[in-house]
Amino acid sequence: MAKEQHSVLVTGGSRGLGLAIAQRLAASGYRVIAIARNASKEVTAATAYAEQTGQGPLHFEQFDLGKIDEIPILVRRLHTRFGPLFALVNNAALGHAGVLATMHDSKLEEQVRVNTLSPIVLTKYVVRGMMSAGRGRIVNVASIIGVTGYSGLAAYAATKTSMIGLTRSLAREVGRLNINVNAVAPGFLATDMTRTLDAENMAKIARRSAMGRLAETEDVAGAVEFLLSDKARNITGTVLTVDAGTTA
Amino acid sequence: MGQIEQIAREHGKALAPLSDELVLVESGLDSLAFAVLVARLETNLGIDPFTAAEEAIFPTTLGEFVKVYERGLARDTGAARL
């Protein structure tokens, strides 16, 4: 019996964690739409690989999620092309490190717009299709930093905590319509986002974790895959931490 | 109207008799059901006049709700649809 293929939208899907999530879900049999401002060698290769191996498919769609006004148009375009989305993974985010007292207002605004406002507005438009279809899964990528804080990442942490509030409230709002909303809270991962943290700091964080190492993007991708699966049908409104025990 | 009745059935809600004067908050549909209605109308008609509006619109009666869509569809005629 052919199962209806489910479509998943992964934001920030061209690199790092987003790409790992997109690849994992494509390998799992989902049709994946990865969105980012720019394509990358890696996502192009991943798209080709998925096609060759009969996975996915994995599509890349270029879009700047910072352009809030264009989000409804994006969602309508995707809906027309792919039908109502089964799942949304709000992963795209950026981070500027620095002391809050001297961080330029434009950088503060950008983090709030891209990391908080954009996923909220995107979720608003995507959840409609899910509500209409009576099923859906939303996974918001938060961060352990949204819970513990980190010196030099005040605004970033604020935006990551916002994903937890969004998760809990929305879960309560649409649960009745069979839509599960959860968050994953990754610890420090080795991606472009943490490249500016020097090796010594990263090693220190790794040493202090319960497992004495850092989690990897594949671990978080696995958690997302689980939350999208039938096994997680009664899991909603919660935060799944994937940090090798840094916050244990 | 068919959509409203279907949603009421799906959500197990008792629907008040439908007329232009029906006050929406007394219709038997809650805000969640209305959100589903707006989503389905968007799929069927291709527009969401509430989002397209400059400010938030709050129709009070069923008649006003229908007018919001009629105006939206009239505006949309001739405009490129995605």
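Helices (H or I, at least four residues) and strands (E, at least two) are DSSP runs, numbered from the N terminus. By that definition, chain A has 8 helices and 7 strands.

## Basis of the description

This is a predicted model, in which local features need pLDDT of at least 70, side-chain atom pairs count only at pLDDT 80 or more, and totals for chains, interfaces and linings use all residues. Residues are numbered from 1 along each chain as its sequence is written, while chains are lettered from A and ligands numbered from 1 in the order in which they are written.

## Chain A overall

Chain A contains 8 helices and 7 strands. Its radius of gyration is 17 Å, close to the 18 Å that the globule rule gives for 248 residues, so chain A is as compact as a globular protein of that length. The radius is taken over C-alpha atoms, and the rule is 2.2 Å times the number of residues to the power 0.38. Taken along the principal axes, the C-alpha atoms of chain A fill a box of roughly 50 × 35 × 35 Å.

Of the 248 residues in chain A, 47% are buried. A residue is buried if 20 or more other C-beta atoms lie within 10 Å of its own, exposed if 12 or fewer, and partly exposed in between, with C-beta atoms placed from the backbone. Two residues are in contact if their C-beta atoms, placed from the backbone, lie within 7 Å. Among contacts in chain A between residues at least 6 apart in sequence, those joining residues at least 24 apart make up 75%.

Strand β4 of chain A covers residues 87–90. A:Ala87 and A:Val89 point one way from this strand, A:Leu88 and A:Asn90 point the other way, and all are buried.

Two strands pair if DSSP finds at least two bridges between them. Strand β1 (residues 7–11) of chain A pairs with β4(A) in the parallel sense over 3 bridges, and A:Val8 stands opposite A:Ala87. β4(A) also pairs with strand β5 (residues 136–141) of chain A, in the parallel sense over 4 bridges. Here A:Ile138 in β5(A) is the bridge partner of A:Leu88. With helix α4 (residues 105–133) of chain A, β4(A) and β5(A) make a right-handed β-α-β unit. Right-handed means that, with the strands pointing away from the viewer, the path from the first strand over the helix to the second runs clockwise.

## The nonpolar core

A nonpolar core is a set of buried Ala, Val, Leu, Ile, Met, Phe, Trp, Tyr and Cys residues joined through C-beta atoms within 7 Å. The largest such core has 79 residues, and those touching the most other members are A:Val8, A:Leu9, A:Ala22, A:Val32, A:Ala34, A:Val184 and A:Val224. Leaving aside its neighbours within four places in sequence, A:Ala34 is in contact with residues including A:Val10, A:Ala22, A:Val43, A:Leu58 and A:Phe60.

## Individual residues of chain A

A:His79 belongs to helix α3 (residues 71–82) of chain A. This histidine counts as buried because 20 other C-beta atoms lie within 10 Å. Beyond its neighbours within four places in sequence, A:His79 is in contact with A:Pro84 and A:Gly129.

Three positions have backbone angles to note. The peptide bond from A:Gly56 to A:Pro57 is cis, with omega near 20 degrees, and A:Pro57 sits in the loop between α2 (41–52) and β3 (58–62) of chain A. A:Asn178, although not a glycine, has a positive phi of about 70 degrees; its place is the loop between α6 (154–174) and β6 (179–186) of chain A. With 15 C-beta neighbours inside 10 Å, A:Asn178 is partly exposed. A:Ala244 also has a positive phi, near 55 degrees, and lies in the segment after β7 (239–242) of chain A. A:Ala244 is buried, with 22 other C-beta atoms within 10 Å.

Chain B has 4 helices and 0 strands. The C-alpha trace of chain B spans about 40 × 25 × 20 Å along its principal axes. Buried residues account for 13% of the 82 residues in chain B. Of the contacts in chain B between residues at least 6 apart in sequence, 52% join residues at least 24 apart.

The contact between the chains takes 9 residues from chain B and 11 residues from chain A. On the chain B side, helix α2 (residues 31–45) gives the most, with 7 residues. The residues of that side divide into 5 nonpolar, 2 polar and 2 charged. In this count Ala, Val, Leu, Ile, Met, Phe, Trp, Tyr, Cys and Pro are nonpolar, Asp, Glu, Lys and Arg are charged, and the others, Gly among them, are polar.
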